[in-house]
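Thanks for coming. I will go through one structure today, one spot at a time, so please have the display in view.

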Amino acid sequence: MRKERRFFIRLIVFLFLIISVTYAGIPYHTYIYNERRRPVPSLPAYEPEKIYTGETIGLDKDFSSPEDLFVDKRNGDIYVADTGNNRIVVIDKDFKLKKIIDGFINNGKREGFKAPTGLFLTDEGKLYIADSQNARIVILNPDGSLFKIVGKPVGEVIHKDFVYIPKKVAVDKLGRIYVVAENVVEGLIQFSPNGNFERFFGSNRVEVNPVELFWRRVLTREQRSQLVLFIPIEYRNVTADKDGFIYGCVRAWYDQIKRLNALGDNIIKQEGRTGGMYGDLYFGFTVRGEIVDIAVDDSENLYVLDGRVGRVFVYNNLGDYLFVFGDIGNQKGTFQYPTAIDIDKGKVFVLDENKGTITTFKPTTFGDLVLKANSYYVQGYYGKAANIWDKVVKMDANYDLAYIGIGKNYLHEEKYKEAMESFRLGFYPTGYSKALRGYRIEYMRRNFTLIMNTILLLILALYLINRFLGNTIRSHYHNFLRNHELFYTVMYVFYVIRHPFDGFYELRRKPKAFRGALILLIFIILSFIIQRLMTAFHFNPYRPEELNILWEIGRVLIPILVWVIINWAVTTIMEGKAKMREIFIMTVYGIFPLALLILPQTLLSHVFTLDEAAFYYFIGTIGTLWSIWIILSGMMELQEYTLSKAIGTSLVTLGGIIFAMFIGMVFFATFQQFIRFVYTVYLEIKYMIG
């Protein structure tokens, strides 16, 4: 017994140590975003490898507020802008000090740097340095000698009092120089290869705050003059990819990353589910982070560094979110304020300005698989990608992009049914719609004769039944209605929706109209539940497995009851004649056309593709307009209103509903604060007693 107990204790301790070691190796949470832009746990794609400081590298003194880092793709050398020490540190691929560049010879005199903040190294080995406090770009030859100095831009569009503080620099394949300068909102400053100012490049649009825009319309000229001006957003950093395209990151809520062509237009693809938003998302919107640097690998994947949250977000060139790593902290793999990032041979280098360290990250097995599969995927080699995506899915069933990749391979192989299932698992409506189109054509080709024969036989059967049995069936039906008054009252809805004025006039006098309305209300609720459950995936933004029956009932029932109560209150004031009971009956009978058309709309959602969405939504539009007309007709008949008064009363009712919602939200927030206060007092008393 004791041996067994010792064995279990050792096993528990062993498992605890494994978990502890695993957590210590990767001290940050990793996640992806689902189709609703909500974070979902995912396996780590990168793990921290090593942290390098000035001491471990062999420097005479530690880094001081380093602001930029660049890796030479030819030999693996690492260039660091040691801003606080006014120098450039060059480290070899083994992280040993190679040399320190703290100045250069210019016209026989030695000059130094003053707060260098940006670096860029060309394929020829020329080093471009943003010497910020000296207001210049210094270009050095591979041997460290001076090639050129590019000073303050001069041109008609440059104000004579312009204070030039270059912060970051990049160079394209033609040798044109692009500079991010402090407090410049017109765009990147573009110089020719000779160092002459050419233009402002890739200017950003103005971000307008809707609230401020409203006040500017209502305030006087003097008051408007005291407000902050709307100005374009400025660039934060700039880099260039292997093809010479310029990438810039800006301070904004969305479209923070730009890929600029020769005309300065943003040509970055945004087909992914995060749209033009980068970094952390919260309820579908970008959290106000601070993107400080970007890097682009050979597969055109974007590595986006957010200095505020200390994370690296990775996207492919289609805009799909791949993974995230890093965090704020003091553990290995976390940062205090990361300021620069670069990539070389799959390894990621992150520079921390506050810590004065360089942290290297390497792909995990999972990350390596994703990167390989994604490389094939973006190039259109879906077959090769699918084989790897299968392994990814086995490791992480939450990874939607893997299902999408597998689905695209099935689509390419014309296996439409399998493609539809994969796209559904990956929550990719566009792909599902394309697969449905192919499956529909394929199904019609195989079963056209059977379908047409079935339709013809059905038409013939209906004709024969009506021809020989129609009178008998109608006679039995009418006899059944006369003997079952409640059933007759329920079925009377079909007369009401065709002849609303006469229908509501007669319905008002039927003793079982209220019971009939309750039965129809059940039908309406069931119709909306069926719509949520059975609408085809590409038209259904909700997951059927997450359906909450009580919530679905409330979603239909509560708006109807609120409408009835507020409409009764409004019409009572506006000389209406109907009672609350009659308004309830009118509302339920009026909504019936919409609930009725929901059923064929749900069925046809499995036939229509997204390209034919207009036909699908047209059915719902007809039902909505039909129901509105029935309710307005009922108000005109029961309340003895004109059409204009019925419309006005309805609008006032809607306004009352909005006001009631606002009051409810205020009450809920106040009640929540009260509960929190009571709980806090309880904890204080408990602490004092205990």
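Let me begin with asparagine 183, which is exposed, at a relative accessible area of 60%. Before going further, note that this is a predicted model. Asparagine 183 sits in the loop between S15 and strand S16 (188–191). Its backbone is worth a look: phi is positive, about 65°, although the residue is not a glycine. As background, most residues other than glycine have a negative phi.

Serine 65 is another residue other than glycine with a positive phi, in this case near 50°. You will find serine 65 in the loop between helix H2 (54–57) and strand S4 (68–71). With a relative accessible area of 35%, serine 65 is partly exposed.

Now to the charged pairs. Side chains of opposite charge can pair when their charged atoms come close. How many salt bridges does a search of the whole structure find? The search gives 28. I will show a few of them.

Aspartate 123 and lysine 173 form one, with an N to O distance of 2.6 Å between their side chains. Aspartate 123 belongs to the loop between strand S10 (116–121) and strand S11 (127–131), and lysine 173 to the loop between strand S14 (166–171) and strand S15 (177–181), so this pair ties together parts that are 50 residues apart in sequence. Is aspartate 123 buried or exposed? Aspartate 123 is exposed, because its relative accessible area is 51% and the cut-off for exposed is over 50%. Lysine 173, at 48%, is partly exposed.

The next pair is aspartate 243 and lysine 242, whose side chains meet at 3.6 Å, N to O. Aspartate 243 counts as partly exposed at 40% relative accessibility, and lysine 242 counts as partly exposed at 43%.

Then there is arginine 259 with glutamate 300, a salt bridge of 3.7 Å, N to O. Arginine 259 is in strand S20 (residues 257–260), while glutamate 300 is in the loop between strand S23 (291–296) and strand S24 (302–306); the pair therefore ties together parts that are 41 residues apart in sequence. Arginine 259 counts as buried, at 13% relative accessibility. Glutamate 300 is buried as well, with a relative accessible area of 17%.

On to helix packing. Two packed helices are described by the angle between their axes and the distance between the axes. For helix H6 (residues 382–395) and helix H7 (residues 400–412), the angle is about 145° and the axes are 8 Å apart. Their crossing is left-handed. On the H6 side, the contact residues include Tyr382, Trp389 and Val393. On the H7 side, they include Leu401, Tyr403 and His412.

Helix H13 (residues 513–534) holds serine 527. Serine 527 is buried, with a relative accessible area of 2%. Leaving aside residues up to four places away in sequence, serine 527 touches Ala595, Ile598 and Leu599.

Helix H9 (residues 429–483) holds isoleucine 473. Isoleucine 473 is partly exposed, at 48%. What makes the nonpolar surface patch of about 830 Å²? Isoleucine 473 is one of its residues, and Leu457, Leu460, Tyr463, Leu464, Ile465, Phe468 and Leu469 also belong to the patch.

Definitions and conventions:
Residues numbered from 1 in each chain as written. Predicted model: local features only at pLDDT ≥ 70, side-chain atom pairs only at ≥ 80, totals over all residues. Heavy atoms only, no water. Patch = residues over 30% accessible without salt bridge, like charges linked within 9 Å, V, L, I, M, F, W, Y side chains within 5 Å. Areas by Shrake-Rupley, 256 points an atom, 1.4 Å probe, with all protein chains shown as cover. Salt bridge = Lys/Arg side-chain N within 4 Å of Asp/Glu carboxyl O. Helix = DSSP H or I, 4+ residues; strand = E, 2+ residues; numbered from the N terminus. Buried < 20%, exposed > 50% of the residue type's maximum accessible area, 1.4 Å probe, protein only. Contact = heavy atoms within 4.5 Å. Axes fitted to C-alpha atoms, helices over the stretch in contact; angles between N-to-C directions. Left-handed = near helix turned anticlockwise from the far one by under 90°.
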